[in-house]
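This briefing is for a reader new to the structure.

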Amino acid sequence: SVAVMARELSADKNDTTIDDSAWGGAITVGGRIPTFGKDDLRFQFNYGNALGRYMTTGFYDAAFDDRNNSVETFDQWGGFLAYRHFWIDNLRSSLVYSYGGADNDMSIVDNTVNKEFQSVHANLIWSPVPQVDLGVEYLYGYREIESGDDGDLNRIQFSATYNFF
């Protein structure tokens with residue numbers, strides 16, 4: 001699949017000279033490729049100058065440049081690659097790698113904004129009956145902000161899903 005986005009980002013503050021907007025856009029390419037049996041490879045790649053919240057990583061969509069009273073957008077990119085494997089009909093796993101990065105204008109934003117992130121997920125999901133999924137997942141995540149500070153996390157999470165449809 002291919003998707004495109006265009007949106008206007010604006011700043012307008014009454015009783016001031018702050019009144020500007022900028023258009024941003026993005027493109028997403030994604031898909032699923034069958035491999036062996038019920039297994040598949042899934043992927044998505046995003047690139048644009050106004051992705052921000054659409055990548056769910058805390059990247060800025062845009063920022064207001066006080067020096068020239070204008071809205072400025074930033075290039076961002078990211079995506080994921082995932083392999084889903086069925087061990088048996090009702091037991092499956094996915095291994096997922098995701099990455100995101102931004103080209104922030106450091107003369108406009110402070111050095112605490114996100115520069116890049118990466119994560120790896122590995123899970124095991126059991127479907128004891130067709131409408132129920134019970135799962136466990138390990139997640140490793142890494143984030144770096146513009147100052148160079150970085151951090152990582154390790155998490156194990158459990159899930160239970162009931163599909164009403």
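What volume does the largest pocket have? The largest pocket has a volume of about 300 Å³. Gln44, Asn46, Tyr54, Met55 and Gly79 are the closest to its centre among the 19 residues that line it. The model is a predicted one, and all values here are computed from it.

**Largest pocket**

- Strands β1 (2-12), β2, β3, β6 and β7 (91-103) are the elements that give two or more residues to the lining of the largest pocket.
- By class, this lining holds eleven nonpolar residues and eight polar ones, with no charged residues.

**Second largest pocket**

- The second largest pocket has a volume of about 190 Å³.
- Its lining is made of 16 residues, and those nearest the centre are Phe117, Gln118, Gly141, Tyr142 and Leu153.
- The elements that give two or more residues to this lining are β8 (114-126), β9 (132-145) and β10 (150-162).
- Strand β8 provides the largest share, with six residues.
- By class, the lining of the second largest pocket has five nonpolar, seven polar and four charged residues, whereas the lining of the largest pocket has no charged residues.

**Strand pairing around β3**

- Strand β3 (residues 40-48) pairs with strand β2 (residues 19-34) in the antiparallel sense, over nine bridges.
- Within this pairing, isoleucine 33 has leucine 41 of β3 as its bridge partner.
- The hairpin of β2 and β3 has five residues between the strands, and glycine 37 in this hairpin takes a positive phi near 60 degrees.
- Strand β3 also runs antiparallel to strand β6 (residues 75-88), to which it is joined by nine bridges.
- The bridge partner of asparagine 46 in β6 is glycine 78; Asn46 is also one of the residues closest to the centre of the largest pocket.
- Strands β2, β3 and β6 are among the elements that give two or more residues to the lining of that pocket.

**Nonpolar surface patch**

- Trp87, Ile88, Leu124, Val136, Tyr138, Ile156 and Phe158 make a nonpolar surface patch of about 750 Å².
- The elements that give two or more residues to the patch are β6, β9 and β10.
- Valine 136, one of the patch residues, lies in strand β9.
- Strands β9 and β10 are also among the elements that give two or more residues to the lining of the second largest pocket.

Definitions and conventions:
Residues numbered from 1 in each chain as written. Predicted model: local features only at pLDDT ≥ 70, side-chain atom pairs only at ≥ 80, totals over all residues. Heavy atoms only, no water. Pairing = 2+ DSSP bridges. Helix = DSSP H or I, 4+ residues; strand = E, 2+ residues; numbered from the N terminus. 1 Å grid on protein atoms, 1.4 Å probe; cavity = no way out; pocket = protein on both sides within 12 Å on 5 of 7 lines; lining within 4 Å. Points joined across faces, edges and corners; volume = space filled by probe spheres on them. Nonpolar A, V, L, I, M, F, W, Y, C, P; charged D, E, K, R; others polar. Patch = residues over 30% accessible without salt bridge, like charges linked within 9 Å, V, L, I, M, F, W, Y side chains within 5 Å. Areas by Shrake-Rupley, 256 points an atom, 1.4 Å probe, with all protein chains shown as cover. Salt bridge = Lys/Arg side-chain N within 4 Å of Asp/Glu carboxyl O.
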